[in-house]
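The sequence and the structure come first, and the description follows.

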Amino acid sequence: QVQLVESGGGLVHAGESLRLSCAASGIFRSDVMGWYRQAAGKQRELVAQIDSGGNPWLESSVKGRFAISRDNAKNTVYLQVSSLKPEDTAVYYCNVWRRDGDSNINYWGQGTQVTVSS
């Protein structure tokens, strides 16, 4: 059974930084790990992903400000969020994704709130 536990969210001022962590259990080494966010009244959007080889992908609006990394020994994925803007305010969700035949399998954490004040 896959379990994802996020931590590290909080209330910060614009320009400040946070480090989000997601500790996973029950995952495979080959799983892709990532972070989504959902602002109030908006759809959930993919922010960053990283594969088992450590190759990252970042959504264009956060490139240069956010960084994703993973520690395979600890089954943990991190999202370093810097130079935060009020528009980064959202609930950030940890995600694990894998292909199973023709199916996409997704697992989600409970979310951690990031609030950026101007």
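Which residue in β11 is the bridge partner of Ala90? The partner of Ala90 is Val114.

## Basis of the description

The model is predicted, so local features need pLDDT of at least 70 and side-chain atom pairs count only at pLDDT 80 or more, while totals for chains, interfaces and linings use all residues. Residues are numbered from 1 along each chain as its sequence is written, and side-chain values use heavy atoms, with hydrogens and water left out.

## The open sheet

Four strands make up an open sheet, in the order β1-β3-β8-β7, with antiparallel pairing. The edges are taken by β1 (3–7) and β7 (66–71); each has a single partner strand, so one side of each has no neighbour in the sheet. Neighbouring strands of this sheet are turned against each other by 15° on average, direction ignored. Strands here are DSSP runs (E, at least two residues), numbered from the N terminus, and two strands pair if DSSP finds at least two bridges between them. Axes are lines fitted to C-alpha atoms, and angles run from 0 to 180 degrees between N-to-C directions.

β1 pairs with β3 (residues 18–25) in the antiparallel sense, over five bridges. Within β3, Ser21 stands opposite Ser7. Ala24 also lies in β3. With a relative accessibility of 11%, Ala24 counts as buried; buried means under 20% relative accessible area, exposed over 50%, and partly exposed in between (1.4 Å probe, protein chains only).

## The pairings of β9

Strand β9 pairs antiparallel with β4 over seven bridges. In this pairing, Tyr36 has Tyr93 of β9 as its bridge partner. β9 also pairs with β10, again in the antiparallel sense, over six bridges, and Asp100 has Ser103 in β10 as its bridge partner. The hairpin of β9 and β10 has two residues between the strands, and Gly101 takes a positive phi near 65° there.

A further antiparallel pairing, over three bridges, joins β9 to β11 (residues 112–117).

## An aromatic pair

How many aromatic pairs does the structure hold? There is one aromatic pair. The ring centres of Tyr36 and Trp108 are 4.8 Å apart and the planes are at 70°, so the pair is edge-to-face. Rings of Phe, Tyr and Trp (its six-membered ring) pair if their centres lie within 6.5 Å; planes under 30 degrees apart count as stacked, over 60 as edge-to-face and the rest as tilted.

Tyr36 lies in β4 (residues 32–38) and Trp108 in β10 (residues 103–108), so the pair ties together parts that are 72 residues apart in sequence. Tyr36 counts as buried, at 17% relative accessibility. Trp108 is partly exposed, and its relative accessible area is 36%.

## Loop residues with positive phi

Most residues other than glycine have a negative phi. Asn75 has a positive phi, near 50°, and is placed in the loop between β7 and β8 (76–81). At 26% relative accessibility, Asn75 is partly exposed.

Ser83 also has a positive phi, near 45°. Ser83 is in the loop between β8 and β9 (90–100) and is partly exposed, with a relative accessible area of 41%.

## Two distances across the chain

Ala24 and Gly109 are 85 residues apart along the chain, and their C-alpha atoms are separated by 9.0 Å. For Ala14 and Asp102, 88 residues apart along the chain, the C-alpha separation is 42 Å. Ala14 is placed in the loop between β2 (10–13) and β3, and is partly exposed at a relative accessible area of 41%.

## The largest pocket

The largest pocket has a volume of about 150 Å³. A pocket is found on a 1 Å grid over the protein atoms alone, as an open set of points where a 1.4 Å probe fits, with protein on both sides within 12 Å along at least five of seven lines; lining residues have an atom within 4 Å of a point. Grid points are joined across faces, edges and corners, and the volume is the space filled by probe spheres set on the points.

The lining consists of Arg37, Gln38, Ala39, Lys42, Gln43, Glu45, Glu87, Asp88, Thr89 and Ala90. Of these residues, two are nonpolar, three polar and five charged. Ala, Val, Leu, Ile, Met, Phe, Trp, Tyr, Cys and Pro count as nonpolar, Asp, Glu, Lys and Arg as charged, and the others, Gly among them, as polar.
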